[in-house]
Amino acid sequence: MATKIYIVYYSTYGHVATLAEEIQRGAASVAGVEATLWQVPETLSGEALAKMGAPPKRAGVPAIAPAELVEADGVLFGFPTRFGMLPAQLKAFLDGTSDLWCEQRLAGKPAGIFCSTGCQGGGQETTALTAITQLVHHGMLFVPVGYTFGAGMFEMGEVKGGSPYGAGTIAGDGSRVPTPLELQQAFHQGKYFAGIAKKLKGAAA
């Protein structure tokens, strides 16, 4: 049976969605892995989003219900920062997983994180670090990308997002889009994470 990787994200302006798509490609490049994109339900009204200038959500990417996480062999969560922490939309979604927590339905599943910030000091690491608490309470196994991306982790010639915690991008005023290097790290994270999830599933079989 295929190893099912769920890439569950929330994206306001599309930066995280772009990373998620690249992560999906990376995960799907591993033989025997099925990678699926999911969006976290929006909590803001259409009127509020319009005033913020947010574009429409990605077509063809369904909203996920908390109970559907059980079907995954591994989950990668992606989200923009809000003052160095995860946004309310993802927090609301995770708050809805209490039934799963009561039965420990997610315990032992590998999980990873990727994010977007507005600037280099906007929380590329704290956003992931503070979100890990959600995984810990579920007993999920946090899989950081570490320095497995190699030379790309030490690049000093350009502005870039990402950290040992996971792939990332810097949105700036919203006009900046993920760079080739940031997308390469996203692809790498998807591939690296999928490989580990596949091994864990095989070991448990």
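Phe77, Phe79, Leu86, Leu90, Leu94, Ile113, Ala131, Gln134 and Leu135 line the largest cavity. β3, α3 and α5 are the elements that give two or more residues to this lining. The model is a predicted one.

**Cavity**
- The whole structure holds 1 cavity of 30 Å³ or more.
- The space in the largest cavity is about 40 Å³.
- Helix α5 gives the largest share of the lining, with 3 residues.

**Helix α5**
- Helix α5 spans residues 126-138.
- Its buried residues are Thr127, Ala128, Ala131, Ile132, Gln134, Leu135 and His138.
- Ala131, Gln134 and Leu135 are buried in α5 and also line the largest cavity.
- Gly139 follows α5 and has a positive phi, near 75 degrees.

**Largest pocket**
- The largest pocket has a volume of about 220 Å³.
- Its lining counts 16 residues.
- Tyr13, His15, Pro80, Ser116 and Ala171 are the lining residues nearest the pocket centre.
- Helix α1 and strand β4 each supply at least two residues of the lining.

**Tyr13 and the nonpolar patch**
- Tyr13 sits in the loop between β1 (3-9) and α1 (15-28).
- Tyr13 has a relative accessible area of 40%, so it counts as partly exposed.
- Together with Leu44 and Met52, Tyr13 makes a nonpolar surface patch of about 250 Å².

**Thr169 in strand β6**
- Strand β6 covers residues 168-170 and contains Thr169.
- Thr169 is buried because its relative accessibility is 0%, under the 20% cut-off.
- Leaving out residues up to four places away in sequence, Thr169 touches His15, Leu19, Cys115, Ser116, Thr117, Gln124, Gly161, Gly162, Arg176, Val177, Pro178 and Glu182.

**Salt bridges**
- The whole structure contains 8 salt bridges.
- Side chains of opposite charge can pair when their charged atoms come close.
- Arg25 and Glu22 form one of the bridges, at 2.8 Å from N to O.
- Both residues lie in helix α1, 3 residues apart, which is about one turn of the helix.
- Arg25 is partly exposed, at 46% relative accessible area.
- Glu22 has 16% relative accessibility, so it counts as buried.
- Glu42 and Lys57 form another bridge, with the closest N and O atoms 2.9 Å apart.
- This pair links distant parts of the chain, 15 residues apart.
- Glu42 is in the loop between β2 (33-39) and α2 (46-52), and Lys57 is in the loop between α2 and β3.
- Glu42 is partly exposed at 25% relative accessibility, and Lys57 is partly exposed at 30%.
- Glu182 is buried, because its relative accessible area is 1%.

Terms used. Residues numbered from 1 in each chain as written. Predicted model: local features only at pLDDT ≥ 70, side-chain atom pairs only at ≥ 80, totals over all residues. Heavy atoms only, no water. Buried < 20%, exposed > 50% of the residue type's maximum accessible area, 1.4 Å probe, protein only. Helix = DSSP H or I, 4+ residues; strand = E, 2+ residues; numbered from the N terminus. Patch = residues over 30% accessible without salt bridge, like charges linked within 9 Å, V, L, I, M, F, W, Y side chains within 5 Å. Areas by Shrake-Rupley, 256 points an atom, 1.4 Å probe, with all protein chains shown as cover. Salt bridge = Lys/Arg side-chain N within 4 Å of Asp/Glu carboxyl O. 1 Å grid on protein atoms, 1.4 Å probe; cavity = no way out; pocket = protein on both sides within 12 Å on 5 of 7 lines; lining within 4 Å. Points joined across faces, edges and corners; volume = space filled by probe spheres on them. Contact = heavy atoms within 4.5 Å.
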